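Trainee: I have a model open and would like to learn how to read it. Can we go through it feature by feature?

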Amino acid sequence: MSTPRQRRMWMVIGIVAGVGVAAGLAFQATKGGIGFRSPTEVIEGHVEPGKRIQIGGMVKMGSVQRTPGELHVRFIVTDYVNQVPVVYDRLLPDLFKEGTGVWANGRLDDHGVFVADEVIAKHDENYMPPAVGEALKKGESRLETQPAAQP
């Protein structure tokens with residue numbers, strides 16, 4: 001028979017071991033999760049086609065192309081340095097519009113087009129994805145106002 005002190009010691013050891021296992025599992029889960037990428041990272045080849053990622057940037061002015069009578073939409077996400085064409089075939093968020101911040105989850109196809117399965121529009125008019133903010137701070141921005149080329 002063990003003493004109350006020994007039982008408490010085993011309970012503490014069990015709790016510490018449980019917390020350690022939970023932390024290890026959480027670390028593994030985040031390590032394999034989808035990662036955020038900027039258009040520049042995508043263009044520079046830091047993303048394998050077919051791998052699930054999250055891309056963030058600004059919706060380029062003049063780039064939104066809708067198919068009449070369908071949900072299908074094409075637009076360009078830019079960090080004001082590079083841009084990536086995006087296709088999406090579901091309902092867009094009400095706050096989605098040109099010139100605002102956007103996040104999209106999906107995969108890059110073999111032709112360099114990002115096929116989104118989720119689009120999240122940022123509601124704060126002052127919001128700017130981190131990569132875009134960094135580009136602006138470095139003076140790399142080229143605000144694009146001309147109509148977009150066909151993706």
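Trainee: In which helix does I13 lie?

Mentor: I13 lies in helix α1, residues 4-31. Helices are DSSP runs of H or I with at least four residues, strands are runs of E with at least two, and both are numbered from the N terminus. This is a predicted model, in which local features need pLDDT of at least 70, side-chain atom pairs count only at pLDDT 80 or more, and totals for chains, interfaces and linings use all residues. Residues are numbered from 1 along each chain as its sequence is written, and side-chain values use heavy atoms, leaving out hydrogens and water.

Trainee: What does pLDDT say about the protein?

Mentor: pLDDT is the predictor's confidence in each residue, from 0 to 100. The protein averages 81, and 76% of the residues score at least 70. Over residues 141-151 the pLDDT is below 50. Beyond near neighbours in sequence, that stretch has 23 contacts in the model, a contact being heavy atoms within 4.5 Å.

Trainee: Why does I13 count as partly exposed?

Mentor: Buried means under 20% relative accessible area, exposed means over 50%, and partly exposed lies in between (1.4 Å probe, protein chains only). I13 counts as partly exposed because its relative accessibility is 43%.

Trainee: Which residues make up the largest nonpolar core?

Mentor: A nonpolar core is a set of buried Ala, Val, Leu, Ile, Met, Phe, Trp, Tyr and Cys residues joined through side-chain atoms within 4.5 Å. Here the largest has 20 residues; V42, F75, Y88, F96, F114, A116 and V119 have the most contacts inside it. Two or more core residues come from each of β2 (52-59), β4 (73-78), β5 (83-88), β6 (101-108) and β7 (114-121). The largest share, four residues, comes from β7.

Trainee: What is V42 in contact with, leaving aside neighbours within four places in sequence?

Mentor: V42 is in contact with R37, V47, I53, I55, V84 and L108.

Trainee: Which side chains meet in a salt bridge?

Mentor: A salt bridge puts a side-chain nitrogen of Lys or Arg within 4 Å of a carboxyl oxygen of Asp or Glu. The count here is one. R52 and D117 form it, at 2.7 Å, N to O. The pair links distant parts of the chain: R52 is in strand β2 and D117 in strand β7, 65 residues apart. R52 counts as partly exposed at 27% relative accessibility; so does D117, at 23%.

Trainee: Where is Y80?

Mentor: Y80 is in the loop between β4 and β5. Its phi is near 70°, a positive value in a residue other than glycine. At 12% relative accessibility, Y80 counts as buried.
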